[in-house]
Amino acid sequence: MKSDRKIKILRFARSLAYARDDKKMDLMDKIISLAKRRGFIYPGSEIYGGLSGFWDYGPLGIELKKNIKRQWWKNMVYDRPDVVGIDAAIIMNPAVWRSSGHLDAFTDPLIECKICHQRIRADYVDLKKEHEKIHQGKKIDWTEPKSFNLLTEVLLGTTEPKLKAYLRGEITQGVFVNFQNVVNSTRIKIPFGIAQIGKAFRNEITPGNFSFRSREFEQMELEYFVKPNEKEAEKLFEFWKKKRMMWYVKLGIKAQHLRLRDHKADERAHYARFATDIEYNSPFGWKEFEGIHHRGDWDLGRHKLTYKDSQTNEEYTPFVLETSGGVDRAALFFLIDAYHEENDRVILKLNPILAPFKAAVFPLLANKKELVDIAREIYQSLSKNYYVAWDSRGNIGKRYYSQDEIGTPFCLTVDYDTLSDNTVTVRFRDTTKQERVKKENLIEFFTKQLHQTSI
Ligand code: GAP
C-alpha cells in the first residue's frame, strides 16, 4: 500500500499536470479569438453557420500565409539550381488515382457510436474518451472499424452520366503525371526536384483542433528524384529531414518545440518505404507538422514512367524522396509559437520576414497637418517595398499595443522633433526599445533589419 505522503505527492503531481493542460487549452482559446478578432482566420461560411473543416483567411492571415509560401519557394526553388516548380490542375483524370493506389488505399478507419450514430476515426483514442463523457458513463457499443476513402468526389459535365472525378487528396500526383513533361521541356537531370504549392482536399472524418485538420488545405511539397540506389536514397532522406526541421527553426519555431518521429510500419501511407514526421508540441499534444517520405519507385512505377540518362543511355525508374508540409499548419503553429503575454501586453513575436505588416507609421497627433503630411510621405515611400500599416487613432500606447498583438516588428512615429531634425522614432516590438532614424535612411534601415532575419 502506498504511504499517505506518496499519495499526496502523486495527487500534487497530477494536479500540476492538469493545471498545465488547462493553461495550454486556454492558450488555444486565446489564439482562436485573436485570429478572428484581428483578421487572421475566420470560420468558413460563418454567416450560414459555418461548415466543419473549412476556414477562411482574413487580411492578415493571407499575408502570413503568403510570407510562409514565399520563404519556402525561395529556400526550395530559387536557392537550388537542381529544383524547378510547377502548378498542376486540382482535378485530374480519375485514372491517376486508380494508378497511384489512392482509390484503394487512401483510407482511414471509421467507427460509429451505436447510441447516437456519431462517427469518429477509430484510431483517435482521445476523441473516443471525449465521446464516452457525452454519454455520461453509459457503456458505448462501437461498430467494427470500416475503411473510409478520403478522396472528395466531384461530378463533371452537364449531361448524364456525369464523369466522377476527385479533388486531389495530395498535390503530389500532379508532379508525377508531369514528370516526363518537365524532363523534356527543361535541361534538368537526375538528381533533381520538382516543387509545388497548392490546395488539397480530404474528406476527413473528424476535422478539428481549429485549422489543424481541415477538409480543404494547402500543401508545399518537394518531390526529389534520384537513381534507384537504396544507400544514396537513405542518405538524402536524412538530409531532407534535417534541412526541413532547420527551416522551421530558422524562421522562429523554438527548437525544443519540434521533434522527428519515425512512422511504424503499420502507420505508413501505402506509397511510403520510410516516413518521418516533423512534429510540433502544440497545446493539443505533439502533432504532425510535415511529413518526409521515401516513396521509392512506387509512384513513377505505377504511372509506368521511366528516366533515360542522355549520356549513358541507361533507363530506370527513379526513387522519390518527398518533403510535404502544410501551409495552414505552418500558419497555425507559427501563430501559437509566436504568442507571448508580457504584463498586460500581447505580443506576436513573429519573425519579421513572416509578419503581415513590416512596419506601422503613426503621426503623433492626427490633427497636426504638418506631422500627418510627413507620416503620409513616409508611409507611401515604404509601401512601395513593404506592406505597411497606418494608424492615427487614439494614443501612441494603444497603437503600439494594437501592432504588437499582430506582430508588426517596427512602429515609426513622426513627432515634433521630426520637424526640426528630420528623424523619426523607430520602436522595436520585442524589446520596446526606441531609436531615432533619419527619414532618408529608413529604406536602408528596413532592408538591413529584414535581411538579418531572412534565411
Ligand atoms: N504527399 C504526401 C502527403 O500528402 P501527408 O503526411 O498526408 O503526406 C502532408 O500530408 C502534410 O499536409 C501534413 O504534414 C500536414 O502538414 C498537411 N495536411 C495533411 N492533412 C491535412 C489536413 N486534413 N488539414 C491540414 N493540413 C493537412
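Where is Lys304 found? I looked it up in this predicted model. Lys304 sits in the loop between α9 (298–302) and β14 (307–308).

**Backbone entries**

I read the phi of Lys304 next. It is near 55°, a positive value in a residue other than glycine. I then checked accessibility. Lys304 has a relative accessible area of 73%, over the 50% cut-off, so I noted the residue as exposed.

I turned to Asn422. Its phi is positive too, about 65°, and Asn422 is not a glycine. I placed Asn422 in the loop between α13 (416–421) and β22 (423–428). With a relative accessibility of 31%, Asn422 counts as partly exposed.

Why did I write these down? Most residues other than glycine have a negative phi, and most peptide bonds are trans.

**Cis bonds**

I went through the prolines. The bond from Glu160 to Pro161 is cis, with omega near -10°. Pro161 belongs to the loop between β7 (152–156) and β8 (163–167).

I found a cis peptide bond between Ile190 and Pro191 as well, with omega about 5°. I located Pro191 in the loop between α7 (179–185) and β9.

**Phe212**

Is Phe212 buried or exposed? I got a relative accessible area of 3%, so Phe212 is buried. I traced Phe212 to the loop between β9 (192–201) and β10 (216–226).

I listed its contacts, leaving out residues up to four places away in sequence. Phe212 touches Phe284, Lys287, Glu288, Arg329, Leu332 and Phe333.

Last, I took a distance. Phe212 and Arg80 are 30 Å apart in space, C-alpha to C-alpha, and 132 residues apart in sequence.

How values were computed. Residues are numbered from 1 along each chain as its sequence is written. This is a predicted model: local features need pLDDT of at least 70, side-chain atom pairs count only at pLDDT 80 or more; totals for chains, interfaces and linings use all residues. Side-chain values use heavy atoms; hydrogens and water are left out. Helices (H or I, at least four residues) and strands (E, at least two) are DSSP runs, numbered from the N terminus. Buried means under 20% relative accessible area, exposed over 50%, partly exposed in between (1.4 Å probe, protein chains only). Contact means heavy atoms within 4.5 Å.
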